[in-house]
Amino acid sequence: MQAEASKEIILLGHKYPTDEWTNVTPRVISKLGRNLHILLYHPLSLIRQRIVNYFYLQFHNRIGNPIFSVYDNLSPIVTVEQNFDSLLVPKNHPSRNKTDCYYINRDTLLRAHMTAHQTELISMGLNNFLVVGDVYRRDEIDSTHYPAFHQVDAVRLCTKDEVFENVKNTDELKLFEHRGVESNEKQGCHTLESVKVMEHELKNTLTGLAQTLFGSGNITKKKYSKM
């Protein structure tokens with residue numbers, strides 16, 4: 001990893017042109033490729049595996065196979081399109097500023113969040129997946145901030161049958177209301193029923209994950225105190 005006289009920089013074995021947007025530093029560059037989250041026995045890797053195991057147990061098909069796929073070795077070097085445009089981040093949004101991100105050049109940067117990979121994975125036809133990796137933001141170093149850290153994104157897309165799978169008498173239930181304009185650029189409004197079902201699943205999933213990672217002692221004590 002080194003800068004060259006021809007205004008190029010080599011990152012993870014690939015050459016990238018530099019320009020007036022380039023602000024990635026040698027110290028941050030030194031973090032690339034370490035992949036602590038998949039390093040055997042590293043604490044981050046152990047946490048990652050606990051999260052993966054939880055989703056494997058919670059979401060499976062009728063024969064018991066996990067429906068979530070895992071992507072934990074994607075390159076942290078992404079395009080502006082991936083990091084912002086694909087997520088409909090406005091052109092003038094502060095999160096695009098050079099003060100917030102590590103740019104390699106005006107079109108390329110170190111991902112600021114794992115959601116940068118969401119659109120490409122969905123476009124591949126994936127409905128349920130976890131994306132795990134290192135992300136980079138120009139934060140001031142303190143007790144709770146560091147320029148390089150790790151994130152896990154979980155994405156779940158459901159059909160109508162999947163949304164109402166555990167609901168009785170679903171013949172009259174719909175995913176979308178019949179008001180408003182629906183197009184390729186704008187989705188219709190979800191019905192209250194579909195929102196409540198997914199809200200319930202999301203809350204249960206996050207609560208269960210928190211208990212898996214941190215324990216359920218406090219919740220257990222609360223239950224006992226009511227007896």
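View 1. Helices (H or I, at least four residues) and strands (E, at least two) are DSSP runs, numbered from the N terminus. What you see is a predicted model, where local features need pLDDT of at least 70, side-chain atom pairs count only at pLDDT 80 or more, and totals for chains, interfaces and linings use all residues. Residues are numbered from 1 along each chain as its sequence is written, and side-chain values use heavy atoms, with hydrogens and water left out. Of the 227 residues in the protein chain, 30% are buried (under 20% relative accessible area; exposed is over 50% and partly exposed in between, with a 1.4 Å probe and protein chains only). Take the contacts (heavy atoms within 4.5 Å) between residues at least 6 apart in sequence: 57% of them join residues at least 24 apart.

**View 2. The largest pocket, at about 600 Å³.** A pocket here is an open set of points on a 1 Å grid over the protein atoms alone, where a 1.4 Å probe fits, with protein on both sides within 12 Å along at least five of seven lines; lining residues have an atom within 4 Å of a point. Its volume is the space filled by probe spheres set on the points, and grid points are joined across faces, edges and corners. The largest pocket has 20 lining residues, with Phe59, Arg156, Glu165, Asn166 and Glu201 nearest its centre. Two or more lining residues come from each of α2 (43-58), α5 (160-163) and α6 (192-214). The largest share, 5 residues, belongs to α6. Sorted by class, the lining holds 6 nonpolar, 9 polar and 5 charged residues (Ala, Val, Leu, Ile, Met, Phe, Trp, Tyr, Cys and Pro count as nonpolar, Asp, Glu, Lys and Arg as charged, and the others, Gly among them, as polar).

**View 3. The second largest pocket, with about 310 Å³ of space.** Here 15 residues form the lining, and Ala154, Val155, Arg156, Leu202 and Thr205 are the closest to the centre. The elements giving two or more residues to this lining are α2, β9 (148-156) and α6. Once again look for α6, which supplies the largest share, 6 residues. The class count for this lining is 11 nonpolar, 1 polar and 3 charged.

**View 4. Asn23, in the loop between β3 (14-17) and α1 (26-29).** Is Asn23 buried or exposed? Asn23 counts as buried because its relative accessibility is 12%. Its side chain reaches the backbone oxygen of Lys98 at 2.9 Å. Leaving aside residues up to four places away in sequence, Asn23 touches Lys98, Cys101, Tyr102, Tyr103 and Arg138.

**View 5. His145, in the loop between β8 (128-136) and β9.** With a relative accessible area of 36%, His145 is partly exposed. Not counting residues up to four places away in sequence, His145 touches Asp139 and Glu140.

**View 6. Asn35 and Leu88, in two loops.** Asn35 isn't a glycine, yet has a positive phi of about 50°. Find Asn35 in the loop between α1 and α2, partly exposed at 23% relative accessibility. Leu88, also not a glycine, has a positive phi of about 60°. Leu88 sits in the loop between α3 (80-83) and β6 (103-105) and, at 73% relative accessibility, counts as exposed.

Technical notes:
Polar contact = N/O pair within 3.5 Å; in protein donor to acceptor, adjacent residues only side chain to side chain.
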